[in-house]
Amino acid sequence: QAHFVESGGGLVQPGGSLRLSCAASGFRLGVYPIGWFRQAPGEQREGISCFSGTDLSTYYADSVKGRFTISRDYAKDTIYLQMNNLKPEDSATYYCARADCSRRYLKDYITPTSGAWGQGTLVTVSL
């Protein structure tokens, strides 16, 4: 069954860095817009970053802007999320999915466009 495969999570101290990877199993990411989302226990899923399909635009939620960087390797059909200066409030399970990315009045909006989710990768930021 086609699904996303996230990896790269782990335990890191505040101020540390991690790089997450997103690949596809059973299909290709191709040129679809792909977003990163996260969900902490008891919280709603939050769209935090998105890489557009073909115009190379990137989008970030205010909560991660300046600290996280999304990138895309079309040859490897993989999306990455470089996370720097991690904070305890970044602790969550991180998922990737097809997304709709937009910007209005200097604010970025990242919403999932399908109900297909992988297992996610857990990020814990703690001493």
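Rings of Phe, Tyr and Trp, the last by its six-membered ring, pair if their centres lie within 6.5 Å; planes under 30 degrees apart are stacked, over 60 edge-to-face, and the rest tilted. By this rule, the count here comes to three aromatic pairs.

A word on the source. This is a predicted model, where local features need pLDDT of at least 70, side-chain atom pairs count only at pLDDT 80 or more, and totals for chains, interfaces and linings use all residues. Residues are numbered from 1 along each chain as its sequence is written, and side-chain values use heavy atoms, with hydrogens and water left out.

Now the rings. Phe4 and Phe27 pair edge-to-face, at 5.2 Å centre to centre and 80° between the planes. Phe4 lies in strand E1, residues 3-7, and Phe27 in the loop between strand E3 (18-25) and strand E4 (34-39), so the pair ties together parts that are 23 residues apart in sequence. Strands, E, are DSSP runs of at least two residues, numbered from the N terminus. Phe4 is buried, at a relative accessible area of 3%. Phe27 is partly exposed, at 28%. The cut-offs: buried is under 20% relative accessible area, exposed over 50%, partly exposed in between, with a 1.4 Å probe and protein chains only.

Next, Tyr95 and Trp117. This pair is edge-to-face too: 5.8 Å centre to centre, 80° between the planes. Tyr95 lies in strand E9 (residues 92-104) and Trp117 in the loop between strand E10 (107-112) and strand E11 (121-125), so parts 22 residues apart in sequence are tied together. Tyr95 counts as buried at 12% relative accessibility. Trp117 counts as partly exposed at 25%.

The rule: NZ of Lys or CZ of Arg within 6 Å of the ring centre and within 35 degrees of the ring normal. Lys107 lies over the face of Tyr109, at 5.9 Å from the ring centre.

On to salt bridges. The term means a side-chain nitrogen of Lys or Arg within 4 Å of a carboxyl oxygen of Asp or Glu. The count comes to seven. One of them joins Arg28 and Asp77, at 3.9 Å, N to O. Arg28 is in the loop between E3 and E4, and Asp77 in the loop between strand E7 (68-73) and strand E8 (78-83), 49 residues apart. Is each end buried or exposed? Arg28 is exposed, at 53%, whereas Asp77 is buried, at 11%.

Arg67 and Asp90 meet at 2.7 Å, N to O. Arg67 lies in the loop between strand E6 (58-60) and E7, and Asp90 in the loop between E8 and E9, so the bridge ties together parts 23 residues apart in sequence. Both residues are buried.

Asp108 bridges to Arg103, with the closest N and O atoms 2.4 Å apart. Asp108 is buried at 8%, while Arg103 is partly exposed at 47%. Which residues do shared partners join into one network? Arg38, Glu46, Arg67 and Asp90.

Last stop, Ser49. Ser49 lies in strand E5, residues 46-51. Its relative accessible area is 0%, so Ser49 is buried. Its side chain reaches the backbone oxygen of Tyr59 at 3.1 Å. Not counting residues up to four places away in sequence, Ser49 touches Ile34, Gly35, Trp36, Tyr59, Tyr60, Ile70, Leu81 and Ile110; contact means heavy atoms within 4.5 Å.

Technical notes
Helix = DSSP H or I, 4+ residues; strand = E, 2+ residues; numbered from the N terminus. Polar contact = N/O pair within 3.5 Å; in protein donor to acceptor, adjacent residues only side chain to side chain.
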